[in-house]
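The sequence and the model should be kept in view while reading.

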Amino acid sequence: MRFKLNKPFTTALLIILATACIIGPAVPACFAQPKAAPEYQLKAAFLYNLLQFIEWPQEAFKDADSPITICVYDDRASGNAFDSYRNEKIRGRKLVFKKFNELQRSLECHVMFVNTQDRKIMNTIIAKAGSKTILTVGESDDFARMGGIINFFTADNKLRFEINPDAAKKAGLKVSSEILKVARIVNGN
Amino acid sequence: MRGVMNFSRRLSLIAIVTSLFMLFFLPARHSCNAQESNQSPDLSAELKKLNLNQLMDIEVISVSKKPEKLSQSAAAIFVITQEDIRRSGATSFPELLRMVPGIQVARQGSDAWQISSRGLSGTREAGLLIDVRLDGCSLATDNLQAVDIVLGNIERIEVIRGPTSSIWGTKAVSGLINIITKHAKDTQGGLVTGAIGSGEEGYSGMRYGVKLKEGVYCRVDAKYQQFGTVDDAVHIREPENKQGTFRLDWDVSSLDRLMFSGSYGTHLGESFDSIEVGDFRWPKIDLYKSKVDVSGSHLMGRWEHTFSSTSDMVLKFYYDQGKYTYHDQGDDINLPHNINYSSYDIDFQHRFNLLSWNAIVWGAEIRVEDNTYDKFPSFSINPRSRIEPYYSGFLQNEIPIIQNRLVLTLGSKFEYNSFCFFQAHPSARLLWTPHPQHTFWLAVSRAARTDLRIEHDINYQVGTMASPGDIHLLRRGILEVSRHGNLDPEELVSYEAGYRVQPGSVVTLDLTAFANYYHHFMTSTHLGYAEWHPRYFIAHWYFESKMHGKSCSVEAVATWQAAAWWKLQSSYTYLNYHFYPGEHDTGYQSIKDLSPRNQYTLRSLINITRQIEFDTNIYFTSRIRGQDLPSYTNLILRLGWKPMKGLELALIVANLLKDHHVELLTAGKKNEIQRSVLGKITWTF
């Protein structure tokens, strides 16, 4: 009953060792820190910034302390990007995040983040938001042209946004000229 | 010596598996550190401090892997959603596929279905098969009895008709069904479900999902299903399934995701065995049932990593093993015989942009299949046990000819194994989007099928034959099987064209047409004589690749959201094909006209109130010429009621129009599928 290191055993050992050698040096690649950020974390930061420049009429809120409700369409895609904004305040109002979909009847949202590419869903949501004081934010080519207020797009791998001022006016929202300067202006609907 | 060989092979396998797990875990642990150091929440906190102008300088890494938009693919794709599954009234996976155009589903008994894509039936031993994949991993067995899918765990099912071998390989010659299961995050909490129906049909299942820590989700579930006597055949046992599964999702960071899943299940069923009686050319087949016990399990691991918005990779490991045990009843040999199979699969895929405009996807895969046929009385297979490696790789390049308007996709898979040596499956696809609402596509592909092990290794089959002088005098004997020279691989060349249009926001229309040319299909031919001995006979058969054929078809689907509460979907399939067999071929018998010429479906999903749903599913199938079966219409009605949050009740009536009907013969025998009623309750908490 003497154990002998036979050939297949050594081969097996070699395969394992070889794998370890290949992976070992490859790992630090994960640590590289470019001046880049995952899509939704960047969008969350943008949105947080943009909200500072948008004013809702008094009647959009129950009282002076009631929070700003931000409704997110696809919270799977956005993941935990909004998590660190949960305790933030904008002009004394707390931020509250909710999930919503196009089939919901009542939309008690101040902001709707329509992160989908589906035109049908975009259309339904824009129609539902209609003349309510809701800031619609999208991320698809035609969103602003279809009547959405803010739309994210990428140019040279950087995040940009466009604004449809007519749609904002229709919704009764005041958009500061500060951000109109850096946005691409879209007319439509 | 043989034992040593086996041992060394197994050891190598163990080594490969261990290496693979290192591949999984090492980067995972480091990614964890990466998460702490550079991902959320620190990065979020940093981003929060920046103003708009600063933010505009930061590069975007797109991590939400958006599934390719349906309207943007140059292939005949149909997607079955969770809502479709819930409202179809189906309790078994094959029943779901009835709504897909171009797919033929025939129920042959309580627990037996036959599925084929574009008319090539799966029962033909040498037939072209449709590839069924679970989360991208090809199921080792083609038998849907062993593959029990818990319907409630399905996120969606993507069905691609036509050859998809340029990426998926030899099994996907006539189509691909990819079952995508839900992320464990979406199945948090508990679920208990039960169903009871006429004919002792029954179902019970439970599921529980928990969040282990931030970003780590897990679920386990168990189910028991009794198929009952849906058909009117004589049953020697009540078919039933038991299964347990788990899935663990670890969203390590926004750039790395890990998934592990596994299952163990058993199926107690029946199988049909046949004795051939009579003339070689027109054998009369006597059928008897035997018991079959199936048990199987799988384990899967997947690592997805995103490098940038245009580059990512997926590494998968899949292990599948199982055992079929047959207990013969009708034969004079009562020894149980069995098949043991296991397969190991490592698959890597990488996507990146070359020269900023070429989108390249490439991948490599090694699969090792190990199967043993044990104590089979009716045929001999040599070697009895075989470990067979399959190597493959693919390369695909997406070339935009006119930005956002015209895209050409060229690609091919290359495969190597000892059955077929080297095979290539090239394809070219052209996608033209002249307007966001209109999409046209064209495709040409070549696909070839690898021999099944049983085709390659079979030596002889035991059969029964009538004596040439007296047809009532039966004699048992041996059918010797040999291969006649070098067999060419079965080959398909397919030309496809499609058009999709979305005229308004509520209507979509999807049209596909194709012409398929089949070459070198395998035929089995006998030499026209048998050696008769007083107690037995010996006959000689050989395989040739003599058959060729062609088929053409039109498939159409229209979807109309008539109102917010009413969705309609209708589809139509026309299929026509001809096969020209070799001389005296018997394989031809089973391929000839086993698919309906016309299929029509209509589904209506109505939300009567917020709590009450009323769904109608109509499936029409025209007659099966090859078996002289009349056309039939399945009408399935479902009434759903959600009396309170988390509780759902449903009443389902299937095959309402007729007491019973036959969908496909099983070895010449009719199994009548009967009308059935099913009550179902689902409670989530």
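Is B:Cys218 buried or exposed? The model is a predicted one, and in it B:Cys218 has a relative accessible area of 16%, which places this residue under the 20% limit and therefore among the buried ones.

## Cysteines and the disulfide

Over all chains, a search of the whole structure finds 1 disulfide. The bond is formed by A:Cys71 and A:Cys109, whose sulfur atoms are 2.0 Å apart, and with an angle of -95° about the S-S bond the link is left-handed. The two cysteines are 38 residues apart and belong to distant parts of the chain, A:Cys71 being in strand β3 (residues 68-72) of chain A and A:Cys109 in the loop between β5 (93-99) and β6 (111-114) of that chain. A:Cys71 has 0% relative accessibility and therefore counts as buried, and A:Cys109, with a relative accessible area of 7%, is buried as well.

## A buried alanine in chain A

Helix α2 (residues 39-51) of chain A contains A:Ala45, which has a relative accessible area of 0% and is therefore buried. When residues up to four places away in sequence are not counted, A:Ala45 touches A:Tyr85 of its own chain together with B:Leu47 and B:Leu55 of chain B. Between A:Ala45 and A:Leu180 there are 18 Å in space, from C-alpha to C-alpha, and the two are 135 residues apart in sequence.

## Strand pairing in chain A

Which strands pair with β9 (residues 158-163) of chain A? One of them is β8 (residues 150-155) of chain A, which pairs with β9(A) in the antiparallel sense over 6 bridges, and here A:Thr154 has A:Leu159 as its bridge partner. The hairpin made by β8(A) and β9(A) has 2 residues between the strands, and in this hairpin A:Asp156 takes a positive phi near 50°.

Strand β9(A) is also joined to β11 (residues 184-185) of chain A, in this case by 2 bridges and with the strands running parallel. In that pairing, A:Ile163 stands opposite A:Ile185 of β11(A). Strands of a sheet pair through backbone hydrogen bonds, in either the parallel or the antiparallel sense.

Chain B has 8 helices and 35 strands, and of its 685 residues 55% count as buried. Among the contacts in chain B between residues at least 6 apart in sequence, 61% join residues that are at least 24 apart.

One open sheet of chain B has 5 strands in the order β2-β7-β8-β5-β6, with mixed pairing. Strands β2 (76-81) and β6 (137-138) of chain B stand at the edges of this sheet, and because each has a single partner strand, one side of each is left without a neighbour in the sheet. The partner of β2(B) is β7 (residues 154-161) of chain B, to which 6 bridges join it in an antiparallel arrangement, and B:Phe78 stands opposite B:Val159 in β7(B).

## The second largest cavity

The count of cavities of 30 Å³ or more comes to 17, and the second largest cavity has a volume of about 280 Å³. This second largest cavity is lined by 23 residues, of which B:Gly89, B:Glu95, B:Arg107, B:Ile636 and B:Ala654 are the closest to its centre. At least two lining residues each come from α5 (93-96), β31 (632-644), β32 (647-654), β34 (672-674) and β35 (676-684) of chain B. By class, the lining of the second largest cavity consists of 10 nonpolar, 8 polar and 5 charged residues.

One residue of this lining, B:Glu95, lies in helix α5 of chain B and, with a relative accessible area of 14%, is buried. Leaving aside neighbours within four places in sequence, B:Glu95 is in contact with B:Ala90, B:Arg107 and B:Trp113; B:Arg107 is itself among the residues closest to the centre of the second largest cavity.

Key
Residues are numbered from 1 along each chain as its sequence is written. Chains are lettered from A and ligands numbered from 1 in the order in which they are written. This is a predicted model: local features need pLDDT of at least 70, side-chain atom pairs count only at pLDDT 80 or more; totals for chains, interfaces and linings use all residues. Side-chain values use heavy atoms; hydrogens and water are left out. Two strands pair if DSSP finds at least two bridges between them. Helices (H or I, at least four residues) and strands (E, at least two) are DSSP runs, numbered from the N terminus. A disulfide is a pair of cysteine sulfur atoms within 2.5 Å. Buried means under 20% relative accessible area, exposed over 50%, partly exposed in between (1.4 Å probe, protein chains only). Contact means heavy atoms within 4.5 Å. On a 1 Å grid over the protein atoms alone, a cavity is a set of points where a 1.4 Å probe fits but cannot get out, and a pocket is an open set with protein on both sides within 12 Å along at least five of seven lines; lining residues have an atom within 4 Å of a point. Grid points are joined across faces, edges and corners, and a volume is the space filled by probe spheres set on the points. Ala, Val, Leu, Ile, Met, Phe, Trp, Tyr, Cys and Pro count as nonpolar, Asp, Glu, Lys and Arg as charged, and the others, Gly among them, as polar.
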